[in-house]
Amino acid sequence: MSDNIVVLLKSAEGCELVRRQCAAIGIQMHTFRDLLDAEFDQAGKMRKTGLYEDVDRIFEEAESEGID
Amino acid sequence: MHLRSVKLRNWRSYRNAQFEFPAPIGDRNVILVRAPNEYGKTSFLEAVTLGLFGRKGLLLIPRANHRPLEGGAVRPDIRYSNFLAAVLHRGAAALGEQSCSVTLKFDDDNDDIVEIRRTWHFNSSGQHQPDNDEMLVFEGRDNRPVAPPVAETNKDEFYSDFVSRRLIAPDVAEFFLFDGEQVQRYADRGAAEQVRAGIERLLGLPLLRHLQESLRGYAKSRRSKAGRGSSKELVEVERRIEKLENDAQRQHEIVEKARFELKPLKDKSAELSINIGGRQGDSARIGELVEEEHRFRTEAERHRDELGRFLAEDIALALCGVELGDSTIARLQAEKIRESWEIGKRRDGSNLGRYLEDLASRLRRMKPLIDESRQEEIVAAARDAWDALWHPPPEECADDYRHSALMGRERDQALACVEKARGQSASRLQDLVHRFRRAIDVAEHKKRERLRIEQDTPQVDVWVARLKEVNEQIGKIRGDEERAAKAERSLLGELNAQREARARIVESMERYAPYIRWAGQAEALADRLDEILTEAVPSQCDVVARAMTGAWKSMAHMEERIDRIEISPDCEVRMLNLEGEDIHSIQKSAGGSQIFTQALIWAITHVSGRSFPFIVDTPLARLSRDHRLRVLSAFPNRSGQVVLLSTDEEVVGEKLDAIRHRIAAALRLSVEVEGGVMVTTVETESI
């Protein structure tokens, strides 16, 4: 979904830029996209209720995959 | 892509309104909607925005009072539900209707129909019920419902994605759905900031900024949550534990050393006590002997003094014996009597002459007269009578003086001496000597006995002194041991407390370790997002600059002054003439900044490649006449539909003429008052 929101990710160059920066800190693209989706889900809210728990879950899942 | 229709039910002043927009045909791509202010133009724009994006559309609505955040992100300053509470048509509730809806129907780029129907529900008090929000999506000529997969738990996310993919992404939508106020807000920023914001929205980067802000907040929150288990605190507790362990060890060593030293001392003390205890009888006997020896020596001294005094007296008288003493005393007494007799006789003899003369005188005067011879005889008889008084001398009177040197007081002293000496005797002397010798002998005996005992037990005193010394040492060492043991107990107590604290911290760290780790990842990613944002923007600078140049030339007055617009990688804008000179002052004028922003908006929509309808609400208010014409003429110059919401006075006359050939349809909003409530209706207008 995030590709449709962050147009940058639709281009190969933009995708490579993000992938390179994420790889430098050991974060996979799908984790980054999950984080973007979680953030997008909060858009328009005065308070981002539940976002931090979503971030916990995303990082935990990334670790459990043994990828990040 | 174009908007086919918009249906509004109970949306602000719209009770039931249907907007029908014909598809662009050739150059006719403009839908002109005209109405006086307060008739519902802005409400229409908000309906389309919230119809598309729901809650997320709030960020695109100026009336939601956006609150800027660090890093350029914004948040609405009003709750979605509060905003919607003002949306429900005031007459609807009175009629028992507690919902409003927006239905948007598009023809997408594939000429396929996409219909979005969003309904908001309210309770009887007019409060929005967010859990009851509905969104229905249909696509295709046969009106097929678009529903999220069964596994999709987040329907909002699904529909947001659908809208972004099929129609327009929310970030870039700001350049397709805007009003004059929004243009002015952009124009109020510096050129570089406008361009950066524009390019970021073009690329959908605001979501990255929001994510960046959220990740930093997340990291702070998780670090705060795990604050008690921080490694810094663990290091501090470890340091305290190490110090306490060292201190306790030192005190323990003092205790051990004391116990090590006490063992032989206690043994020695016990040994000395046994030795001394075994010899206590001898010791007592020695004491007694010393005492007795002392007593006898004192007695001997007393006898010696007495003997000395005795010897200092007339030892000869004492030694002459009792008889000689008695006879001497008797002789001296007799001589003393004689001396008294002679003294008396001599004193009387001195008065005898005066007595005899007085007697002779008296005899001579006697009558009858006594003859002289007789008188002499009488005087002689008186003399003889006096003499008879003193003779013979007393019987005890000595005949003479053998001790003529001892007369008067000397004799009395001699008598006292002899009397005293008569009380002494050789036996007395012998007795004194005997007593003296006996006391000396006994004292010597006691001494010899003591010496003999002492020779057998010479160490008792040393032992006692040693025992005293040893016991003092034991006392001192025990004091040291007790103090050290007490300090050790105290330190061990504190040590246990610190170890428990460490265990808690470690447990906490173990529990919160993932959060700390994730906080670090979140911060690292937030920092990387800075890099991404910095690197991403320049990629679009040239293409946006070219598009802006074209837009500027079509919109700006005296456009020939500008040859081209350049945007540097850091978004600094240069407006260059043919000579390559920066005529930045143009952009700084009020009209210039408006045109600059309009050109940027046009450029962003153009570069985005999106054919989404361009829905603009009264964009010309702040422009000069000449600029209005040029901007108005420029707006339709795009491939997609343009919905121009205008006041009834804004696009008239020459301005209307300028776009008349681009108008596909014209609508007019009218307002009627029903039951004291405004109701907006839509009518087709003939241009």
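Which residues does Leu52(B) touch, not counting residues up to four places away in sequence? In this predicted model, Leu52(B) touches Leu104(B), Phe106(B), Ile116(B), Arg118(B), Met135(B), Val163(B), Leu167(B), Ile168(B), Leu177(B) and Phe612(B) once those sequence neighbours are set aside. Leu52(B) is also among the residues with the most contacts inside the largest nonpolar core, which has 148 residues.

**Nonpolar cores**

- Besides Leu52(B), the residues with the most contacts inside the largest nonpolar core include Phe32(A) from chain A, together with Trp11(B), Phe19(B), Phe44(B), Leu177(B) and Leu208(B) from chain B.
- The element that gives the most to this core is helix 16 of chain B, residues 460-536, with 11 residues.

**Chain A overall**

- Chain A has 4 helices and 0 strands, so that, by the DSSP runs used to assign elements, its order from the N terminus on reads α-α-α-α.
- Of the 68 residues of chain A, 49% count as buried, and residues 24 or more positions apart account for 42% of the contacts in chain A with a separation of 6 or more.

**Helix 2 of chain A and its surroundings**

- Helix 2 of chain A (residues 12-24) has 13 residues, which at 1.5 Å a residue should span 18 Å, and its end C-alpha atoms are 18 Å apart, in agreement with that expectation.
- The buried residues of this helix are Gly14(A), Leu17(A), Val18(A), Gln21(A) and Cys22(A); because they cover an arc of only 120° around the axis, they lie on the same side of helix 2 of chain A.
- The face turned away from that buried side carries the exposed residues Ala12(A) and Glu13(A), whereas what covers the buried residues includes helix 3 (29-41) of chain A together with helix 16 of chain B.
- Helix 2 and helix 3 of chain A pack at an angle of about 105°, with their axes 9 Å apart, and the two helices are therefore roughly perpendicular to each other.
- In this packing, Cys15(A), Val18(A), Arg19(A) and Cys22(A) of helix 2 of chain A make the contact with Met29(A), Phe32(A) and Arg33(A) of helix 3 of chain A.
- Just after helix 2 of chain A, Gly26(A) takes a positive phi of about 75°.

- Gln42(A), in the loop between helix 3 and helix 4 (51-64) of chain A, is buried, with a relative accessible area of 2%; not counting residues up to four places away in sequence, Gln42(A) touches Arg47(A), Lys48(A), Thr49(A), Gly50(A), Leu51(A), Asp54(A) and, from chain B, Arg55(B).
- Glu449(B), found in helix 15 (residues 426-456) of chain B, has a relative accessible area of 18% and counts as buried because the cut-off is under 20%; leaving aside neighbours within four places in sequence, Glu449(B) is in contact with Arg285(B) and Leu289(B).
- Gln641(B), in the loop between helix 20 (625-634) and strand 14 (642-646) of chain B, counts as buried at 0% relative accessibility.
- Among the residues that Gln641(B) touches, not counting those up to four places away in sequence, are Met1(B), His2(B), Leu3(B), Phe21(B), Asn29(B), Ile31(B) and Phe612(B), and Phe612(B) is also touched by Leu52(B).

Conventions:
Residues are numbered from 1 along each chain as its sequence is written. Chains are lettered from A and ligands numbered from 1 in the order in which they are written. This is a predicted model: local features need pLDDT of at least 70, side-chain atom pairs count only at pLDDT 80 or more; totals for chains, interfaces and linings use all residues. Side-chain values use heavy atoms; hydrogens and water are left out. A nonpolar core is a set of buried Ala, Val, Leu, Ile, Met, Phe, Trp, Tyr and Cys residues joined through side-chain atoms within 4.5 Å. Buried means under 20% relative accessible area, exposed over 50%, partly exposed in between (1.4 Å probe, protein chains only). Contact means heavy atoms within 4.5 Å. The expected span of a helix is 1.5 Å times one less than its number of residues. The arc is that of the directions from the helix axis to the C-beta atoms. Axes are lines fitted to C-alpha atoms, for helices over the stretch in contact, and angles run from 0 to 180 degrees between N-to-C directions. Angles under 35 degrees count as roughly parallel, over 145 as roughly antiparallel, 65 to 115 as roughly perpendicular and the rest as oblique.
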